[in-house]
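Please look over the structure shown here before reading on. The report is written to be read beside the sequence and the 3D view.

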Amino acid sequence: SGAALRAVCEQLRSAEKGGGDHSGRDPAQPGLLDFCYSRISVVYSAPIRHVASECVGLLSAARLKPVVEMFLASLARVTSDRDEREFVPSMRATRLLQLSTHSAEQAAASLAYLKALASSMARVSRGVLRAEVCAALVEALPRLMAPADDDRRGEWAEYCSGSAAREWWRAYAEVYSHMLRWARGKGAHAPFCYEAMVPMLALASRPDAGDGGDAFADKARREQLLLLLAAALKRDARPRCLPLAATFVASLPVAFLRADLGSGARESPIRRLCQEVLPRRHLPDASEGEHVLRLLLALAAAQPDAAYALQLVRDSLHPGSPATRPQRALLLQLLAQIGETQPAALADAAVRDALRALVIPLLHPPDDDPAHRPTLAAALACLPNVWASGPVGERDVLELQRVAQLVESDVRELHHAACICLNSLASADGLHLALPALAALCRALLRCDGSHGPRLQRALSASVFLVKNATDALAAAVAEAGSGD
């Protein structure tokens, strides 16, 4: 049985690679679907169930209606706790269903699948089956509602513009409501429910989802899920829910984010979520940083001036702020990325001066404190973005000297950050800092007495790098000025 299944699976894979057939014809031998579907049963080993599930998924591309009918027949027999446990492999197999609206028959089969699932979820009580329901929808729905293929995407958009879509969105809303009930009823079930609810709202927010998608992904549902995620971040579910929160915020329409942030309400859903993303005295680990930055960058991009994101940065850097060092380092990274992706947000000289006044003190604690190094490296990364243009004053010279001192650092991370910072300053804003930056590095070189060979070598390497870049930039500027004459 196992060898036969693997052979069938290889043939189906080859046929799929050669170009899937979505016309509804039966390309398989009679009885093949029954043979494969029966091997998903719990009486077979996990490897056989896995191969059988893949076969059924591949067959569903052309035989969606009979596959769905088999699934619905199995689902109708689930009436007890034991039935739920034994139905888990069948539910897991539906992750591979090729839901489609290519033909009227396939559209009807996809709708029948969703409606049957919606009506059965009310009686599902076991967590393992609930988790499989959510996981199956997470994998199957995007293939239908957000396909990579242009033709399939057009078919979905056409379906959503027709009258049949009303039934789809009613069933869709019912499925979502059951997940919401599961999440509220048992805390341990909330994370896997949210893992399905977030993409369901995101899929409904896509332009090709039509009016039905807009009606489903309304303000009330979005705000409700934001508050649920904020509450989940306070609990042990934080590691699973923080990436979801970032994904959800990144998927929200810009108009929704602007309205929430522009309201100024301290308890608005987005602000409540951010309070839990960056709670007081919290020490975020390395795995959190990527998701926190992704969420905050989405908020920054929603406002032309990145007002809310910059306010978070300022609040964390003020003396006496309850922000921890890792939180400051994260928000400094945010500031650096805003400078790169939204330079207009830092175009105002007053904004840059205020931020620079908060960043500069972070450069002066000793770099031999391991706990301060991430903050120091992040401060170096964002310094070029907040440096004000204009004549070079005594304060500017002192700050350039501090950066030049860090070029000699024995800490590789700080050495690289200082080199990049000094080079960015020297090459920015009409090159007016090129000579002061070189002078600061020369002073650092003069302080090296040769007793620390590696330190002198790092300073010399940085000097060569900076001089070459500054010379190339000055030559390019002179050539451009000459061509303009």
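## Basis of the report

This is a predicted model, in which local features need pLDDT of at least 70 and side-chain atom pairs count only at pLDDT 80 or more, while totals for chains, interfaces and linings use all residues. Residues are numbered from 1 along each chain as its sequence is written, and side-chain values use heavy atoms, with hydrogens and water left out.

## Overall form

The protein has 24 helices and 0 strands, where helices (H or I, at least four residues) and strands (E, at least two) are DSSP runs numbered from the N terminus. Its radius of gyration is 29 Å, well over the 23 Å that the globule rule gives for 485 residues, so the protein is more spread out than a compact globule. That radius is taken over C-alpha atoms, and the globule rule is 2.2 Å times the number of residues to the power 0.38. Along the principal axes, the C-alpha trace spans about 85 × 50 × 50 Å.

Of the 485 residues, 49% count as buried; buried means under 20% relative accessible area, exposed means over 50%, and partly exposed lies in between (1.4 Å probe, protein chains only). Among contacts with a separation of 6 or more, 72% are made by residues 24 or more positions apart, a contact being heavy atoms within 4.5 Å.

## Surface and charge

The 54 positive and 53 negative charges have mean positions that are 7 Å apart. Lys and Arg count as positive and Asp and Glu as negative, whereas His and the chain ends are not counted, and the place of a charge is taken as NZ of Lys, CZ of Arg, CG of Asp or CD of Glu.

Helix α7 (residues 127–145) has 19 residues and reaches 27 Å from its first C-alpha to its last, close to the expected 27 Å at 1.5 Å a residue; the expected span is 1.5 Å times one less than the number of residues. Its buried residues include Leu 129, Val 133, Cys 134 and Leu 137, but also Arg 130 and Glu 132. The cover over the buried residues of α7 includes α5 (81–93), α6 (104–120), α8 (150–160), α9 (165–185) and α10 (190–204).

Helix α13 (residues 238–251) has 14 residues and reaches 20 Å, close to the expected 20 Å. The buried residues of α13 are Arg 238, Cys 241, Leu 242, Leu 244, Ala 245, Ala 246, Phe 248 and Val 249, and what covers them includes α10, α12 (219–232), α14 (254–262), α15 (269–277) and α16.

Ala 306 lies in the loop between α16 (286–302) and α17 (307–317), where it is buried with a relative accessible area of 0%. Its phi is positive, about 50 degrees, although Ala 306 is not a glycine. Most residues other than glycine have a negative phi.

The loop between α17 and α18 (325–341) holds Thr 324 and also His 318. Thr 324 counts as buried at 11% relative accessibility and, leaving aside neighbours within four places in sequence, is in contact with Arg 281, His 282, Leu 283 and Pro 284. Arg 325, in helix α18, is partly exposed at 37% and touches Asp 369, Ala 371, His 372 and Thr 375, not counting residues up to four places away in sequence.

## Distances along and across the chain

The C-alpha atoms of His 318 and Ala 7 are 311 residues apart along the chain and separated by 66 Å. For Arg 325 and Trp 168, 157 residues apart, the C-alpha separation is 49 Å. Arg 170 lies in helix α9 and is exposed, with a relative accessible area of 54%; Arg 170 and Pro 142 are 28 residues apart in sequence and 18 Å apart in space, C-alpha to C-alpha.
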